[in-house]
Protein chains: 2
Amino acid sequence: MKIVIDAMGGDHAPKSNVEGACEAAKMWKDMEIILVGDEAQIRPLLQDAPSNITVVHAPERIEADDEPVKAVRRKKGASMVMAGRMVREGEADCMISAGNTGALMTTGLLVVGRMDGVERPALAPMLPTTDGKGVLALDLGANMDAKPEHLVQYAIMGSIYREKMHGMPKPRVGLLNVGTEAKKGNELTKEVFPMLEKANIHFVGNVEARDVLESNCDILVCDGFVGNVMLKSLEGTAGSLFDVLKKEFTRNFMTKMAAAILMPGLKRLKKMMDYKEHGGAPLLGLQGLVIKAHGSSDKRAVLNAIRQARTALENQLIATISSEIAGNNSGK
Amino acid sequence: MKIVIDAMGGDHAPKSNVEGACEAAKMWKDMEIILVGDEAQIRPLLQDAPSNITVVHAPERIEADDEPVKAVRRKKGASMVMAGRMVREGEADCMISAGNTGALMTTGLLVVGRMDGVERPALAPMLPTTDGKGVLALDLGANMDAKPEHLVQYAIMGSIYREKMHGMPKPRVGLLNVGTEAKKGNELTKEVFPMLEKANIHFVGNVEARDVLESNCDILVCDGFVGNVMLKSLEGTAGSLFDVLKKEFTRNFMTKMAAAILMPGLKRLKKMMDYKEHGGAPLLGLQGLVIKAHGSSDKRAVLNAIRQARTALENQLIATISSEIAGNNSGK
């Protein structure tokens with residue numbers, strides 16, 4: 001099992017990537033980890049590194065504010081692009097990056113390449129739910145516009161992901177909509193609804209954004225634009241509420257004392273709402289496994305992304321998606 | 001000034017509607033208020049009613065779970081439909097209803113009628129912001145799919161609403177999008193962006209859903225599907241967070257004591273996030289003024305909706321929108 005890590009991606013690169021990789025390499029001796037990036041920066045961090053970790057020098061890096069398509073096309077020697085090339089050429093089974101999300105989606109599309117039969121790969125993060133189980137939402141921004149057949153593929157890929165990764169035998173697929181009745185929605189959702197009913201998934205119908213946190217489905221399907229708006233509404237509302245709470249709680253001595261007593265509960269709540277806690281987001285529908293770790297990933301988050309990759313590889317995630325997509329396409 | 005109220009609409013009908021109307025009639029003697037609904041239920045509530053309040057009997061009513069288009073077409077004698085007819089025929093200047101939202105939008109479209117030059121009327125509620133000023137968001141569900149020219153009309157109508165209703169001289173229009181850069185988004189937002197730049201409004205560019213609560217614009221423009229998803233994400237997140245907070249705060253004796261001290265602050269926060277506090281939502285782009293009061297409206301909420309109607313009528317809202325839309329269309 002070979003995993004390549006874009007050592008230069010993320011806010012704490014290369015330190016957190018190198019440290020997370022070392023921990024993983026110590027934990028799983030059967031795993032080979034390749035760090036791609038600026039050797040001069042990486043080497044000093046690799047004191048006492050286990051032998052199953054190697055470094056490949058990359059002369060360039062993609063910055064957080066680089067324009068994705070341009071950067072991927074021009075910076076052939078960027079750590080992210082080189083990692084993608086290693087997956088495409090079979091030199092690695094999976095790549096992980098905490099770098100520029102747009103650039104990683106472009107690397108997935110242009111360098112790693114789409115899976116046969118998949119029209120649009122999807123970015124599929126886990127969103128928090130109040131019961132702690134989370135919901136896999138896709139697409140959350142890889143493709144702004146979607147056709148009905150893309151949404152059906154998202155549903156199939158998401159179902160396999162939850163089966164393989166979380167051991168869910170019959171994960172519930174919901175279609176993000178403005179009401180629960182079958183005929184609700186815009187042209188896209190009305191057209192895709194009967195197609196989802198016929199697909200080889202456990203479709204539970206339309207779900208409303210207000211119920212997503214209440215765990216009303218295991219996979220939430222939507223187009224990338226709507227999904228991204230929903231995700232940011234969720235984050236923004238939670239963030240604004242915590243800010244106002246903080247102001248209320250520091251109003252005077254009494255409220256500060258009271259807030260101190262409630263702090264463990266508030267921390268639990270904040271942690272629950274922090275979707276960064278829920279692992280990296282896979283890019284589904286590519287020829288190889290690509291995982292987007294959060295930009296602010298620390299050592300632990302990188303280690304978790306590697307664990308996630310390990311689970312996916314052990315459970316033949318990509319091969320299973322590929323054969324299911326082929327079956328769905330031939331059944332048309 | 002004549003205002004007609006659908007007395008049978010809303011969860012507390014007809015009581016809250018009749019009581020709110022009576023208060024308004026006493027407060028503003030120059031106003032004529034017409035209550036449309038079941039006379040047998042309304043009359044007993046009208047003891048000591050001022051003389052500027054009258055009743056028109058309606059033999060039917062639209063229920064909360066009626067299918068909108070069917071109900072409006074078939075129930076010609078429903079209080080909501082009769083109120084719409086009175087606006088269309090000039091017997092009233094404005095109608096207010098706390099009833100079935102879908103049916104009210106259908107009544108607006110089929111009974112009151114579209115304003116000349118407006119292709120799609122929009123539902124435009126105020127959303128809460130942390131600074132208390134609020135943001136007018138449209139469309140939040142009247143039309144699921146929208147074309148670029150519809151969004152331009154939403155922007156114009158929303159700008160006039162905030163100028164006339166809230167005395168804002170140059171309200172900021174934002175386009176709901178997945179990023180702030182000009183080229184971000186789906187086909188719709190990319191196409192409408194340059195059109196909004198050219199329109200006779202104060203366009204401030206793309207805004208992200210995560211910043212909406214932070215008051216980054218005064219009018220937020222989006223298609224009805226996306227807007228509705230955003231609204232429900234916002235409501236759902238706030239609701240779920242309050243539920244979890246409640247659980248944390250009632251965990252044991254100490255947390256209960258602490259929570260009691262913080263209660264006033266929590267109540268302020270909850271009130272701030274309750275978009276029901278922010279008045280009724282106008283349906284903009286119709287030949288007459290139609291205001292959707294919240295389904296759970298009490299006496300005070302009905303009175304507030306009447307006050308809102310009064311402000312709109314005093315400030316020539318509809319006539320101003322009509323002339324601006326005509327100017328925009330002729331300028332094409």
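Through which surface do the copies meet: what share of the interface residues of chain A are also interface residues in chain B? The legends below take this up for a predicted model.

**Figure 1. The surface shared by chain A and chain B in the predicted model.** Of the interface residues of chain A, 100% are also interface residues in chain B, so the copies meet through the same surface. On chain A, 46 residues are in contact with 46 residues of chain B. The area buried between the two chains is about 4,200 Å², and carbon and sulfur atoms give 73% of that area. A:F225, A:K232 and A:L241 supply 15% of the area that chain A buries against chain B, more than any other three residues.

**Figure 2. The relation between chain A and chain B, with A:A258 and the axis.** Two copies of a chain are related by a rotation about an axis and a shift along it. Here, chain A is superposed on chain B by a rotation of 180° with 0.0 Å of shift along the axis, and the RMSD is 0.0 Å. That is the relation of a two-fold axis. Within chain A, the C-alpha nearest the axis belongs to A:A258, at 2.1 Å from it.

**Figure 3. Salt bridges and polar contacts across the interface of chain A and chain B.** The rule finds 6 salt bridges across this interface. One salt bridge joins the side chains of A:E208 and B:K232, at 2.5 Å from N to O. Between chain A and chain B, 12 residue pairs are in polar contact. On the side of chain A that touches chain B, the elements giving two or more residues are β8 (172-177), α7 (187-198), α8 (224-249) and α9 (253-273). The largest share, 18 residues, comes from α8(A). By residue class, this side of chain A divides into 24 nonpolar, 12 polar and 10 charged residues.

Figure 4. Over all chains, a search of the whole structure finds 24 salt bridges.

**Figure 5. The domains of chain A.** Chain A is divided into domain 1, made of 1-118 + 285-315, and domain 2, made of 239-268. The C-alpha centres of domain 1 and domain 2 of chain A lie 39 Å apart.

Technical notes: Residues are numbered from 1 along each chain as its sequence is written. Chains are lettered from A and ligands numbered from 1 in the order in which they are written. This is a predicted model: local features need pLDDT of at least 70, side-chain atom pairs count only at pLDDT 80 or more; totals for chains, interfaces and linings use all residues. Side-chain values use heavy atoms; hydrogens and water are left out. Contact means heavy atoms within 4.5 Å. Buried area is the accessible area (1.4 Å probe) that two parts lose on being put together, summed over both. A salt bridge is a side-chain nitrogen of Lys or Arg within 4 Å of a carboxyl oxygen of Asp or Glu. A polar contact is a pair of N or O atoms within 3.5 Å; within protein, one must be able to donate a hydrogen and the other to accept it, and residues adjacent in sequence count only if both atoms are side-chain atoms. Helices (H or I, at least four residues) and strands (E, at least two) are DSSP runs, numbered from the N terminus. Ala, Val, Leu, Ile, Met, Phe, Trp, Tyr, Cys and Pro count as nonpolar, Asp, Glu, Lys and Arg as charged, and the others, Gly among them, as polar. Domain bounds come from an automatic or database domain assignment. Copies are superposed by least squares on the C-alpha atoms of residues with pLDDT of at least 70 in both.
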